[in-house]
Amino acid sequence: MPLSMMEQGDTGKIVGFCGQKEMRQHLQDMGFIRGDRVYVVGENHGGMILMVKGVKIALNRALAHRIMVTN
């Protein structure tokens, strides 16, 4: 499922990315690596606050929708 579907307090494992190569590379450069766990710290009207590798990252929902996760 897309990361954008997760709610505050959920944790998931990154299993893949959608989009063109440049978009996938951009997400990986931000720290979203296949196999890593991501935790949803909070949400607001425009995006999500995530914890990846001990770092908080704010991500808009359009980008979060391109990251596929599983429980």
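**Ground rules.** Because the model is predicted, local features need pLDDT of at least 70 and side-chain atom pairs count only at pLDDT 80 or more, while totals for chains, interfaces and linings use all residues. Residues are numbered from 1 along each chain as its sequence is written, and side-chain values use heavy atoms, with hydrogens and water left out.

**Sheet.** I looked up the strand order and found an open sheet of five strands, S4-S3-S2-S1-S5, with antiparallel pairing. (Strands are DSSP E runs of at least two residues and helices are H or I runs of at least four, numbered from the N terminus; two strands pair if DSSP finds at least two bridges between them.) S4 and strand S5 (67-70) are the edges, each pairing on one side only. I checked S1 (residues 11-17) against S5 and got four bridges, antiparallel. Isoleucine 14 stands opposite valine 69 in S5.

**Salt bridges.** I count two, taking a side-chain nitrogen of Lys or Arg within 4 Å of a carboxyl oxygen of Asp or Glu.

In one, aspartate 36 meets lysine 53, with the closest N and O atoms 3.4 Å apart. Aspartate 36 sits in the loop between helix H1 (21-29) and strand S2 (37-43), and lysine 53 in the loop between strand S3 (47-52) and strand S4 (55-60), 17 residues apart. Lysine 53 is exposed at 58% relative accessible area (buried is under 20%, exposed over 50%, partly exposed in between, with a 1.4 Å probe and protein chains only).

I also logged arginine 61 with glutamate 43, N to O 2.6 Å. Arginine 61 is in helix H2 (residues 61-64) and glutamate 43 in strand S2, so this pair ties together parts 18 residues apart in sequence. Arginine 61 is partly exposed at 26%, and glutamate 43 is partly exposed at 37%.
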